[in-house]
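This report describes a protein structure, going through its helices, its loops and the contacts between them. Look over the sequence and the structure first, then read on.

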Amino acid sequence: AHKDDVASSCRRGGSCSVRCDAAGAGAAAVTGGGGGGGGAAVVAEAAGDIAAGGGSGVMHVAATAAGFAVTAGSLLLFTPMISRVWRKRSAEGLSVTTWALNLAGFAAGAIYPFSRGFPVAQYGDSLALTVQSAVLLGMIVVMRGVCTVPQLALGYAVVAGLCAALVCGAAPAWALAGLQAVSALMLTGALVPQILMNLRNKSAGEWSVASAAMSTAGNAVKVFTTVTLAGSDPVLLAGFCFGLVTNAILLGQIIYYRRAAIA
């Protein structure tokens, strides 16, 4: 009767399955004559499982906190650059190609994890960076006379409509995975023209060292959150690893050229 009571309790407490399984097995061992040694072994094994689960829980909490910290930091990632361009009324040294690719890449980078049901902590920064990239790209193309403000608004309306369609399920899962892969290539490739421009000009132009440093640190954290919160999703993980490397190169350029200019 005692064994039946334990089993019934376990069925009602699904969220405590490890403890219930241990209790049920222990009761079975006692009533079946398994002896105290068998019951102790089961309890010890259950304790190990709980401890392991607790470790995973701590990692999950840490990754979630880190993800939201990156999201908060990303709200200010390109703000120094936007402020600098607005103050000087000049977008000199900033590549239109880089920022167009940034905009497309960050937008696509938010759509894939959203469609996979990953936590907001995994892609909140992509949303913030999409908005900032749109602002900066708009400033660059308008200041250089590439397009007018109404033309820019129309283009952004089309992009917003396309993103909404994808979020609402207009594309199959394999297409969204492909989009994320292209997004990773865009974000990695987006920095290549800037890096090459810096090499040619022997200068990093108006690119902010704070933005580059935060991008490098952010990609490092995203590698951790992808492993912990997104089950090491290979598409996401590859993209953030590539982003870490390219942003580190850009950061190194900015520091090197500005020190050389001072010297």
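Gly-145, which comes just after α6, takes a positive phi of about 75 degrees. Helix α6 spans residues 120–143, which makes 24 residues. From its first C-alpha to its last it reaches 34 Å, close to the 34 Å expected at 1.5 Å a residue. The expected span is 1.5 Å times one less than the number of residues in the helix. Helices here are DSSP runs (H or I, at least four residues), and they are numbered from the N terminus.

Helix α6 is mostly covered, with 18 of its 24 residues buried. Buried means under 20% relative accessible area, exposed means over 50%, and partly exposed is in between (1.4 Å probe, protein chains only).

## How the model was made and read

This is a predicted model, in which local features need pLDDT of at least 70 and side-chain atom pairs count only at pLDDT 80 or more, while totals for chains, interfaces and linings use all residues. Residues are numbered from 1 along each chain as its sequence is written, and side-chain values use heavy atoms, with hydrogens and water left out.

## Two salt bridges

The structure holds two salt bridges. A salt bridge is a side-chain nitrogen of Lys or Arg within 4 Å of a carboxyl oxygen of Asp or Glu. One of them joins Arg-116 to Asp-233, with the closest N and O atoms 2.9 Å apart. Arg-116 lies in the loop between α5 (96–115) and α6, and Asp-233 in the loop between α9 (209–229) and α10 (234–262), so this pair ties together parts that are 117 residues apart in sequence. Arg-116 is partly exposed at 44% relative accessibility, whereas Asp-233 is buried at 5%.

Lys-222 forms a salt bridge with Asp-125, and here the closest N and O atoms are 3.0 Å apart. Because Lys-222 lies in helix α9 and Asp-125 in helix α6, the pair ties together parts that are 97 residues apart in sequence. Both Lys-222 and Asp-125 are buried.

## Around the end of α9

Thr-226 lies in helix α9 and is buried, with a relative accessible area of 0%. Which residues does Thr-226 touch, not counting residues up to four places away in sequence? They are Gln-122, Gly-231, Ser-232, Asp-233, Leu-236, Leu-237 and Phe-240. Contact means heavy atoms within 4.5 Å. Asp-233 in this list is also the salt-bridge partner of Arg-116.

Ser-232, another contact of Thr-226, is found in the loop between α9 and α10. Ser-232 has a positive phi of about 55 degrees although it is not a glycine. Its relative accessibility is 32%, so Ser-232 counts as partly exposed.

## Helix α8 and its surface

Ile-195 has its place in helix α8 (residues 173–201). With 11% relative accessibility, Ile-195 counts as buried. Leaving out residues up to four places away in sequence, Ile-195 touches Thr-246, Ile-249, Leu-250 and Gln-253. Ile-195 and Ile-249 are 54 residues apart in sequence, but their C-alpha atoms are 7.9 Å apart in space.

Leu-199 also lies in helix α8, and it is partly exposed at 42% relative accessible area. Together with Val-192 and Leu-196, Leu-199 forms a nonpolar patch on the surface, with about 240 Å² of accessible area in total. Patches are made of residues with over 30% relative accessible area and no salt bridge: like charges are joined within 9 Å, and nonpolar side chains (Val, Leu, Ile, Met, Phe, Trp, Tyr) within 5 Å. Accessible areas come from the Shrake-Rupley method with a 1.4 Å probe, and for residues only the protein chains shown count as cover. An α-helix has 3.6 residues a turn, so residues three or four places apart point the same way.

## The loop between α8 and α9

Lys-202 is placed in the loop between α8 and α9. Its phi is near 55 degrees, a positive value in a residue other than glycine. Lys-202 counts as exposed, at 57% relative accessibility.

Arg-258 lies in helix α10 and is partly exposed, with a relative accessible area of 27%. Arg-258 and Lys-202 are 56 residues apart in sequence and 9.5 Å apart in space, C-alpha to C-alpha. Not counting residues up to four places away in sequence, Arg-258 touches Gly-205, Glu-206, Trp-207 and Val-209.

## Cysteines

How many disulfides does a search of the whole structure find? It finds zero, a disulfide being a pair of cysteine sulfur atoms within 2.5 Å. Cys-163 is partly exposed at 21% relative accessible area, and Cys-241 is partly exposed at 35%.

Key: Helix = DSSP H or I, 4+ residues; strand = E, 2+ residues; numbered from the N terminus.
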